[in-house]
Amino acid sequence: MRCALLVPLAAALCALRPAAGEPIKIGYLTAFKGTREKLGLTISGAISLAIERINNRTDLLAGHTLELGYADTEGTAKVGTRRLVEMICNDTVAFFGPEDSCLIEANVAAAFNLPMISYVSTAQRADGELL
C-alpha cells in the first residue's frame with residue numbers, strides 16, 4: 001500500500017530527472033535521536049521497501065533509479081532545516097519528513113519548488129505559509 005503512495009511521486013520526479021542513468025535523489029528527514037526516534041525507524045523501513053519496489057520496476061523512471069538519503073533532524077526545526085539545505089545542495093529533489101512541526105522545512109523546500117511529504121506533522125497549517 002505504501003508503495004502505491006510513492007508511484008505518483010516517482011512519476012512527478014520524471015520532470016526533475018538528472019542526466020541519463022544518474023539516480024534521482026530523495027531525502028528522508030527524521031529524528032533518529034530525540035523524542036520520536038522509534039517512529040522514524042519504523043517509517044524508514046516502509047520508505048526503503050517502497051523505493052526498492054519502484055527501482056525494481058522498469059516502466060516508471062525510464063532508466064533512472066531512486067536513491068534515498070537519510071538525515072537526522074535530532075527532533076528540532078533548526079537541525080532539520082540545516083539538513084534539508086545540505087541535501088538540496090547535494091542535488092536532492094524531493095523529501096519525506098520531518099516529524100514534529102515541518103513548517104520551516106516546508107517553506108524552504110517550497111522556495112526551491114521541491115516536493116515534501118510529511119508523514120507526521122504538528123504544524124497548525126499545511127499550506128507552506130508561515131504563521
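Trainee: At what angle do helix H3 and helix H4 pack, and how far apart are their axes?

Mentor: Two packed helices are described by the angle between their axes and the distance between the axes. Here, in a predicted model, H3 (residues 77–89) and H4 (residues 103–111) pack at about 20°, with their axes 9 Å apart. That makes H3 roughly parallel to H4 (angles under 35 degrees count as roughly parallel). Helices here are DSSP runs of H or I, at least four residues, numbered from the N terminus.

Trainee: Which residues make the contact?

Mentor: Contact means heavy atoms within 4.5 Å. From H3 come Ala-77, Gly-80, Thr-81, Leu-84, Val-85 and Ile-88, and from H4 come Ile-104, Glu-105, Val-108 and Ala-109.

Trainee: OK, now salt bridges. How many does the structure hold?

Mentor: Side chains of opposite charge can pair when their charged atoms come close. The structure holds 3 salt bridges (a side-chain nitrogen of Lys or Arg within 4 Å of a carboxyl oxygen of Asp or Glu). Arg-57 pairs with Asp-59, their closest N and O atoms 2.7 Å apart.

Trainee: And which residues are linked in a network?

Mentor: Glu-74, Arg-83 and Glu-86. Arg-83 meets Glu-74 at 3.8 Å, N to O, and its closest N and O atoms with Glu-86 are also 3.8 Å apart. Arg-83 and Glu-86 both sit in H3, 3 residues apart, about one turn of the helix.

Trainee: Anything to know about the numbering and cut-offs?

Mentor: Residues are numbered from 1 along each chain as its sequence is written, and side-chain values use heavy atoms, leaving out hydrogens and water. Local features need pLDDT of at least 70, side-chain atom pairs count only at pLDDT 80 or more, and totals for chains, interfaces and linings use all residues.

Technical notes. Axes fitted to C-alpha atoms, helices over the stretch in contact; angles between N-to-C directions. Helix = DSSP H or I, 4+ residues; strand = E, 2+ residues; numbered from the N terminus. Parallel < 35°, antiparallel > 145°, perpendicular 65-115°, else oblique.
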